[in-house]
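Subject: Structure handover and notes

Dear colleague,

I am passing on the structure that we discussed, together with some notes on what turned up in it. Please read the notes alongside the coordinates below.

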Amino acid sequence: MRVPRISVDSDQTWETPMEAVTPVAKYLLQKGYKDVWEPACGNGKIAKTLQSYGLNVICTDIKNGIDFLKFDPIFDYDVIVTNPPFNRRIEFLKRCYSIGKPFCLLLPTIFTVEMGVLFRHYGIEMLVITRRLRFIKNGKKSTSAPFSVAWFCRNVIDEKLVFY
C-alpha cells in the first residue's frame, strides 16, 4: 500500500468541520459527560459544535499561551476532545493517556501502526469517519483530505470500533 505524502505547513491550524464533531458529541452525551476540555481549540470550530449540543467547553490553545503538553489544568472537566496539531499528534496521545481522563482525538488513520504500542498498552476505541473530510483553512473548506481520519477515544464509546 502506498502511503500518501502529506504536506505540513508551519501553521498547523486546520479547523475541524462540524460534520466530524457531531458523532462524537452524541457519544459524549450518552456517557453523561458535560464538561469538555478542548486544548487545541484554534478558532473554536469543535467547541462551537459541542456547545450546540449543550456541552460546556473549556477552550485553551498554545497560541494563547497554554501548551497542553505542559499545562496542568486548575479547572474540572470530564473529557478531552480535540483535533491536535498534526506534528504533535503522538505527544498529545501520550499526554492524554498520562492524564487518565476520557478523551477523543481526531487523528489520521494512516498512523494507527505508529501508535499501536500505546493502543495495545492502554486500550483504544475508534469512531471511524467513513468519508474524507474537508478541513477548514483560513475560513475556506479544503478539497478532501489526502487521508482518512477517526476519533481515537478512551472511555467514551462502548464498542471498540464504530463506523460513521
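In what order do the seven strands of the open sheet lie? Before the reply, a word on the basis: this is a predicted model, in which local features need pLDDT of at least 70 and side-chain atom pairs count only at pLDDT 80 or more, while totals for chains, interfaces and linings use all residues. Residues are numbered from 1 along each chain as its sequence is written, and side-chain values use heavy atoms, with hydrogens and water left out.

The sheet

The order is β2-β1-β3-β4-β8-β5-β9, with mixed pairing; strands here are DSSP runs of E with at least two residues, and helices are runs of H or I with at least four, both numbered from the N terminus. Two strands are taken to pair if DSSP finds at least two bridges between them. The edges are formed by β2 (56-59) and β9 (161-163), each of which pairs on one side only. Ignoring direction, neighbouring strands of this sheet are turned against each other by 25° on average, where axes are lines fitted to C-alpha atoms (for helices over the stretch in contact) and angles run from 0 to 180 degrees between N-to-C directions.

Strands β1 and β3 run parallel and are joined by two bridges, with Val36 having Val79 as its bridge partner in β3. Three bridges join β3 to β4, again in parallel, and Ile80 stands opposite Phe103 in β4. The chain passes from β3 through α3 to β4 in a right-handed β-α-β crossover, meaning that, with the strands pointing away from the viewer, the path from the first strand over the helix to the second runs clockwise.

Strand β5 (residues 125-128) pairs with β8 in the antiparallel sense over four bridges, and with β9 in the parallel sense over three bridges. Leu127 has Trp151 as its bridge partner in β8 and stands opposite Val162 in β9. Both faces of β5 are covered, since Glu125 and Leu127 on one side and Met126 and Val128 on the other are all buried, where buried means under 20% relative accessible area, exposed over 50% and partly exposed in between (1.4 Å probe, protein chains only).

Helix α2 lies across β1 (35-38), β2, β3 and β8, and runs at about 165° to β2; contact here means heavy atoms within 4.5 Å. Helix α3 packs on the sheet as well, touching β1, β3, β4 and β8, and its direction makes about 160° with that of β4. Within α3 (residues 89-99), the buried residues are Arg89, Ile90, Phe92, Leu93, Arg95, Cys96 and Tyr97. The helix is followed by Gly100, whose phi is positive, near 90°.

Salt bridges

How many salt bridges does the structure hold? There are three, a salt bridge being a side-chain nitrogen of Lys or Arg within 4 Å of a carboxyl oxygen of Asp or Glu.

- Asp158 pairs with Lys31, their closest N and O atoms being 2.9 Å apart; Asp158 lies in the loop between β8 and β9 and Lys31 in helix α1, 127 residues apart.
- Arg88 and Asp67 meet at 3.0 Å, N to O, and both residues are buried.
- Asp72 pairs with Arg95, with 3.3 Å between the closest N and O atoms; Asp72 is exposed, with a relative accessible area of 57%, whereas Arg95 is buried, at 14%.
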